Amino acid sequence: MKIQLEKKEALDQASSEELSKTLLARFGLLPRKKDGSAQMHKLLLELYERKKQANKDRRPELAVMPVENMGVFAGIKRQTMYDYLRRWLDLNVLKKTSFVNEGRVVIGYELNGTNLENAFRKAEQTIKNHLDDSFKIIENLQGELKKEKLRKDGVPEETDLVNSS
């Protein structure tokens, strides 16, 4: 997983399109190439509308969007959409789901929450868990550096003193 957060602020009186672009930038979900043409903000807004309608009608299948449709909303090809989709799934903003429609199984993706805030709270938790794991590694590193310094200086470690008694 490669998390790439960006510091970007929304302007006062920003439209929903501008706010969605800012949000996606802050979570690293916009195209990373300067010439990237994907309009992921349009996809985000469509996923939100579908989720809202699905909740209202109590028909969860309405929230699910196949990759082909996602690519159409973002203005990119299906295969390119899969590349972007990986980041959305890694952060848990989207979840993969399937449902039966007219006797066939349809596989697609939907917001991983009842609304935008819930979906991005999942991303927040994913990032927090990643940071917690990183701090555990930092603690282990500090301990290992201390042990190596003690060994280098010829001072027996506490465990060596206990074992020799």
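Predicted model: local features only at pLDDT ≥ 70, side-chain atom pairs only at ≥ 80, totals over all residues.

With a relative accessibility of 75%, R58 counts as exposed. R58 sits in the loop between α2 and α3, directly following α2.

**Backbone: positive phi**

- Most residues other than glycine have a negative phi.
- R58 is not a glycine, yet its phi is positive, near 55 degrees.
- Q13, also a residue other than glycine, has a positive phi near 65 degrees.
- Q13 belongs to the segment before α1 and is exposed, at 80% relative accessibility.
- G154, which follows α5, has a positive phi near 80 degrees.

**Helix α2**

- Helix α2 covers residues 40-57 and contains 18 residues.
- From first C-alpha to last, α2 reaches 26 Å, close to the 26 Å expected at 1.5 Å a residue.
- Its buried residues are M40, H41, L43, L44, L47, R50, K51 and A54.
- These buried residues of α2 pack against the helices α1, α3 (67-74), α4 and α5, and against the strands β1 (94-101) and β2.

**Packing of α2 with α4**

- Two packed helices are described by the angle between their axes and the distance between the axes.
- For α2 and α4 (residues 78-90), the angle is about 65 degrees and the axes are 13 Å apart.
- The crossing of α2 past α4 is right-handed.
- On the α2 side the contact is made by M40, L43, L44 and L47, and on the α4 side by M81, Y84 and W88.
- By class, the residues of this contact are seven nonpolar, no polar and no charged.
- M40, L43, L44 and L47 of α2 are also listed among the buried residues of that helix.

**Helix α5**

- Helix α5 runs over residues 116-152, with 37 residues.
- The distance from the first C-alpha of α5 to the last is 54 Å, close to the 54 Å expected at 1.5 Å a residue.
- N115 caps the N-terminal end of α5, with a side-chain oxygen 3.1 Å from the backbone nitrogen of E117.
- Buried residues in α5 are A119, F120, A123, T126 and I127.
- The cover over the buried residues of α5 includes α1 (16-26), α2, α4 and β2 (104-111).

**A123 in α5**

- A123 is part of helix α5.
- A123 counts as buried because its relative accessible area is 0%, under the 20% cut-off.
- Apart from neighbours within four places in sequence, A123 is in contact with F27, L91 and V93.
- A123 and M40 are 83 residues apart in sequence, and their C-alpha atoms are 17 Å apart in space.

- N92 lies in the loop between α4 and β1.
- At 32% relative accessibility, N92 is partly exposed.
- Not counting residues up to four places away in sequence, N92 touches N112, A119, K122 and T126.
- The side chains of N92 and T126 make a polar contact at 2.8 Å.
- T126, in helix α5, is buried, with a relative accessible area of 12%.
- Beyond residues up to four places away in sequence, T126 touches M1, D90, L91 and N92.
- N92 and R121 are 29 residues apart in sequence and 9.0 Å apart in space, C-alpha to C-alpha.
- The backbone oxygen of N92 is reached by the side chain of N112, at 3.1 Å.

**N112**

- N112 is placed in the loop between β2 and α5.
- N112 is buried, with a relative accessible area of 13%.
- Residues up to four places away in sequence aside, N112 touches N92, V93, L94, K95, N118, A119 and K122.
- A119, one of the residues that N112 touches, is itself buried in α5.

Notes. Residues numbered from 1 in each chain as written. Heavy atoms only, no water. Axes fitted to C-alpha atoms, helices over the stretch in contact; angles between N-to-C directions. Helix = DSSP H or I, 4+ residues; strand = E, 2+ residues; numbered from the N terminus. Left-handed = near helix turned anticlockwise from the far one by under 90°. Contact = heavy atoms within 4.5 Å. Nonpolar A, V, L, I, M, F, W, Y, C, P; charged D, E, K, R; others polar. Expected span 1.5 Å × (residues − 1). Buried < 20%, exposed > 50% of the residue type's maximum accessible area, 1.4 Å probe, protein only. Polar contact = N/O pair within 3.5 Å; in protein donor to acceptor, adjacent residues only side chain to side chain.
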